Amino acid sequence: MSSVTDIGPRAQGFQTAHARNWRGFGLFLLCCAGALPIFWSGLVHLGEAWSRPEYSHGPVIPVLSFYMFLRELKMVPPATGPVTDRGPGLILAGAALLLAIAGNLVDIPDIVTYALILWIGGLVLTGFGFARGCLFWTSVLHLVFMLPLPNMIYWDVTIALQFVSSEVGVWLLRMAQIPVYLDGNIIDLGVYKLLVAEACSGLRYMFPIMSFTYVFAVLYRGPLWHKIVLLLSAVPLAIGMNSVRIGIIGILVDRYGIAQAEGFLHVFEGWVIFLSCIAILFLMAVGLQRLSGDRRPLGDALELDFTGLNRELARVLNIAPSAALIALTLLTAGVSAAWILAPARAMVVPDRAPFVEFPRETQGWSGTRKALDPATEAALGADDYTTMEFVQAGTGAAAPVDFFAAYYHKETDGGYIHSPAACLPAGGWEVFRIEPVDIALPGTQFGDIRLNRTIIQKGLSKQLVYFWFEGRGRSIANDFEAKIQTVADSLLRGRRDVGIVRLITPIGEAESERAADARLTDFLTAHADHLHQFFPK
């Protein structure tokens, strides 16, 4: 967004549209350059995100936003007098810089990237003034589509889309008279099993389609409700087409084997799906036109007039310096300089015992260590973890307790601990009930502990799950609260370490939930005091 100040008569301290005010344009470039240090971590984060398939459309977004800006600029003539309402822009830009500082301090690039868009909005309002600058809201807001989702939201959305795509894909296979069984996000065709993995969730189509639909709705010259329908269609359209892709892959696997399906997948999952979604979107627009009695060709209903853009682009070079732009440049450069010169904050790295030292024999409980497969371990991304199966002396193997714990040295730099509530259904388990409960652990350092109690079921099999987030002397059930506490402790205490503890035990056919609760409570009571060696206060 690089043309953000107005052009007015020279008598008012501005330049005409035909002059070349390199001093003003140079000041604008200096303001942008001054913003680089404070927003650098966010820009690096964007580059890394854009290398992932679901965000590979990212570099196109600023280009489209700039086109939309030039289009809007045609409707905003040069000011004919002094602009006196630049203050809100300075306030917004200042707030964005404070937000960027906070994002850098807690090492969360997502915060920095959102602060960058707010700063751009402040730059626009400073340049044009509040009243005229607000006319550019569509082009500035469009920049949101270039940002990756925060990991907390990303994983929840991904897992939800996996299941929706799996369900619809299996429904299509059954419509094709193909015997199929769905186990979580695994489509079982008998001879072959297809895993609807993260990459198959549909996000790689959803984000570019949402961006395209947004631009399409902005350029569409029709009733407001048409625009709203088109905007709201992006998500179901992406999910539906992704489900069709999964269904077609299943048919190919059933007919020709897995090799042909893999070859087809590489071709079909990209441009074919995206272009099909675009075609459906155009057909929807035509349908909405006909429904409203509009018989114009769709091209006439889209505002695709590229004439005059060169003239508006020339106005970029005609930026007139103003006191507000000078103030914003000095403010931005000053904040960036302060950030560069400020001493690096020392993060506290607490001493802890590695999980390999977790005791295998405690108060009648005997454990056997297990290991995660490489793919699961890579997805977990933990700095240290353990998974063990414990049985209690005298009970045999009929009532084991599966113990899992993971530790992260720092979670705030874009990392996110996957909540079992979201991950367990991937194995085909249905979350039958989940609720936060307080468990009394008398005689331990915990005393009482608040955790999530979950009942999961697959067929006739039922399991009881306890899990909570542990770190820095806190035991927290809610994952969002745990994230907020981590951010606060990172800012105030220099601590970013966090972990998760999960216990699972089967509920026998002739066993009550109360007996399973007693088993997990007994296990926690026996092992609670050991946990602080691995999750330091």
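Biologist: Leaving aside neighbours within four places in sequence, which residues is Asp110 in contact with?
Modeller: In this predicted model, Asp110 is in contact with His45, Pro148, Pro150 and Asn151.

Biologist: Where is the place of Asp110?
Modeller: Asp110 belongs to helix α4, which covers residues 109–128.

Biologist: Is Asp110 buried or exposed?
Modeller: Asp110 is buried, yet it has no salt bridge.

Biologist: How many bridges join β7 to β12?
Modeller: There are 7 bridges between β12 and strand β7 (residues 401–408), and the two strands run antiparallel. Within this pairing, Asp402 has Ile504 of β12 as its bridge partner.

Biologist: And what about β10 and β12?
Modeller: Strand β10 (residues 461–471) pairs with β12 over 9 bridges, in the antiparallel sense. Tyr466 stands opposite Leu503 in β12.

Biologist: A change of topic: what does helix α2 reach from its first C-alpha to its last?
Modeller: Helix α2 (residues 60–73) has 14 residues and reaches 20 Å, close to the 20 Å expected at 1.5 Å a residue.

Biologist: Which residues of α2 are buried?
Modeller: They are Ile61, Ser65, Tyr67, Met68, Phe69, Leu70, Arg71, Glu72 and Leu73.

Conventions. Residues are numbered from 1 along each chain as its sequence is written. This is a predicted model: local features need pLDDT of at least 70, side-chain atom pairs count only at pLDDT 80 or more; totals for chains, interfaces and linings use all residues. Side-chain values use heavy atoms; hydrogens and water are left out. Helices (H or I, at least four residues) and strands (E, at least two) are DSSP runs, numbered from the N terminus. Buried means under 20% relative accessible area, exposed over 50%, partly exposed in between (1.4 Å probe, protein chains only). Lys and Arg count as positive and Asp and Glu as negative; His and the chain ends are not counted. A salt bridge is a side-chain nitrogen of Lys or Arg within 4 Å of a carboxyl oxygen of Asp or Glu. Contact means heavy atoms within 4.5 Å. Two strands pair if DSSP finds at least two bridges between them. The expected span of a helix is 1.5 Å times one less than its number of residues.
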